[in-house]
Amino acid sequence: MQAEIVASRRPGLGQGLTVIAAGFLPILAIVSMFPAVPAMIDHFSADPTATWKVPAMVSAPGLSIAVIALFVGILVDRFGRRKLLLGSAMLYGVFGTAPFFLASLDSIYASRLALGLSEAAILTTLNTLIGDYWDERGRRNWLTLQGLAGPFLGAGLVLVSGIVSNAQWNAVFLIYLVGFPIAVAIWAFLYEPQDDSMARRMLGIDAPPPHTPFPWPLIAAIGAVTLFASALYYVFIINGGLVWREIGVQSPADIGRLTAIPSLFVMAGAGVFWLMDRAAISSRGQLAAFFGLFGTGLAIMGLAPDWRWMIAGVVIQQTGAGMAVPTLIAWAQRGLPFEHRGRGMGVWTACFFFGQFSSPLLVGIIHSSVGTMQGAFLVAGLSGVVGACLVFLLVRRDLRPTAQPA
């Protein structure tokens, strides 16, 4: 009887909201640092390497995630989702706040690497649960809602981060305490899902599907596109504060204030994803759209003569950012059966966060070559436009939203 009760459980509002809140934790880990980067470089000005070490420290969790996400995916498939997610959220709160009590840049970097271990488990498990809990329509709705909620959280976070960074360079790390109440919500609302064969029997849909081989060609394509998309995604998040300085905006509080409203256009991107997905536009069309928006926005920022043009570029880039994550996740999950979903999303997570780690290093190399951060943004923007053309030509046409039974 107990097994039947568990098997018949359906995800509802509590599960959806908890997934959205927990899914914001890894984004918080880097968005919160955006206005703080100039203040941290100023604090460690005695260190001649601070100009590249601080941006690298911001993205350091991405290195840990890229290294272990695949192994986390294996654990997810083998041992389950809920316990791993619960423990990871608690460790997120511990490792995230640790830099508030540390004084050296190297020790802060080490704590950020440890934070990445918990983020790897959070992201891989959550992305797997989205595929476990909901069908195509449900995934579209919850991913879109996540995209709509994220901008409010992100804009408020950027504003708060700029204010606290103005007051004290390391106060921003206290924001990571939010991991503890989210862990409580995970304990209260999330449950271990049944596999696809159980769901099919409950719905009376034919026989359980046979064992399927791991879809390496699909995963290789997903990984390559995700890696490139992630490298572009974090160009502005990590280095945007330095571009604001180049056009004359110096204060972290002013940077946070000018960026807060344009960052809300992530909601527009989430809406574009929902409309395109509902209209059954293929994954390659969705991918080309957000790469085009990314590239155009970054290029405008690279050419911006003043804060007005900078805001215009942020608006376009953030619209693309709103499409990016739900489009990439939906594309990945369409081809992954339950038995391979954890490992498949582990590969996705590894590629996405290796992109996060490599982004400031690549931007730093381009910056050294062209001489200004705006020049680096222009190069990144042109790369995004070229990427939009390539994915439209090369990505398979048949991965598109499909009708689901009610």
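Helix α11 passes helix α17 in a left-handed crossing, and that is where I'd like to start today. Please keep in mind that this is a predicted model.

So how do these two helices sit against each other? Helix α11 covers residues 216-246 and helix α17 covers residues 373-394; their axes lie 10 Å apart, and the packing angle is about 155°. That angle makes α11 roughly antiparallel to α17, because anything over 145 degrees counts that way.

Now look at who touches whom. From α11, the residues in this contact include Val 225, Phe 228, Leu 232, Val 235 and Phe 236. Further along α11 you also find Asn 239, Gly 240, Leu 242, Val 243 and Glu 246 taking part. On the α17 side, the partners are Met 373, Gln 374, Phe 377, Ala 380, Ser 383, Gly 384, Gly 387 and Val 391.

Let's go to a second pair, α4 and α7. Helix α4 spans residues 50-58 and helix α7 spans residues 105-133. Their axes come within 9 Å and cross at roughly 20°. Are they parallel or antiparallel? They are roughly parallel, because the cut-off for that word is an angle under 35 degrees. This crossing, too, is left-handed. The residues that make the contact are Lys 53, Val 54, Ala 56, Met 57 and Val 58 from α4, together with Leu 105, Asp 106, Ile 108, Tyr 109 and Arg 112 from α7.

Let's step back to the whole chain for a moment. How many helices and strands does it have? The count is 17 helices and zero strands. The chain has 406 residues, and 56% of them count as buried. Its accessible surface is about 16400 Å², with 70% of that belonging to carbon and sulfur atoms. And here is a number I like: take the contacts between residues at least 6 apart in sequence, and 87% of them join residues at least 24 apart.

Is Ile 20 buried or exposed? Its relative accessibility is 10%, so Ile 20 counts as buried. Setting aside neighbours within four places in sequence, Ile 20 is in contact with Trp 142, Leu 145, Gln 146 and Ala 149. Take Leu 145 from that list: Ile 20 and Leu 145 are 125 residues apart in sequence, yet their C-alpha atoms are 8.0 Å apart in space.

Next comes Ser 282, which sits in the loop between α13 (266-278) and α14 (283-303). Ser 282 is buried, with a relative accessible area of 10%. Its C-alpha atom is 9.8 Å from that of Phe 392, a residue 110 places away along the chain.

Our last one is Val 272, in helix α13. With 30% relative accessibility, Val 272 counts as partly exposed.

Finally, a word on confidence. The mean pLDDT of the chain is 79, and 86% of its residues reach 70 or more. Where does pLDDT stay under 50? One such stretch is residues 196-209, for which the model has 14 contacts beyond four places in sequence. Residues 398-406 also have pLDDT below 50, and that stretch has 21 contacts beyond near neighbours in sequence.

Conventions: Residues numbered from 1 in each chain as written. Predicted model: local features only at pLDDT ≥ 70, side-chain atom pairs only at ≥ 80, totals over all residues. Heavy atoms only, no water. pLDDT = per-residue confidence, 0-100. Contact = heavy atoms within 4.5 Å. Helix = DSSP H or I, 4+ residues; strand = E, 2+ residues; numbered from the N terminus. Buried < 20%, exposed > 50% of the residue type's maximum accessible area, 1.4 Å probe, protein only. Areas by Shrake-Rupley, 256 points an atom, 1.4 Å probe, with all protein chains shown as cover. Axes fitted to C-alpha atoms, helices over the stretch in contact; angles between N-to-C directions. Parallel < 35°, antiparallel > 145°, perpendicular 65-115°, else oblique. Left-handed = near helix turned anticlockwise from the far one by under 90°.
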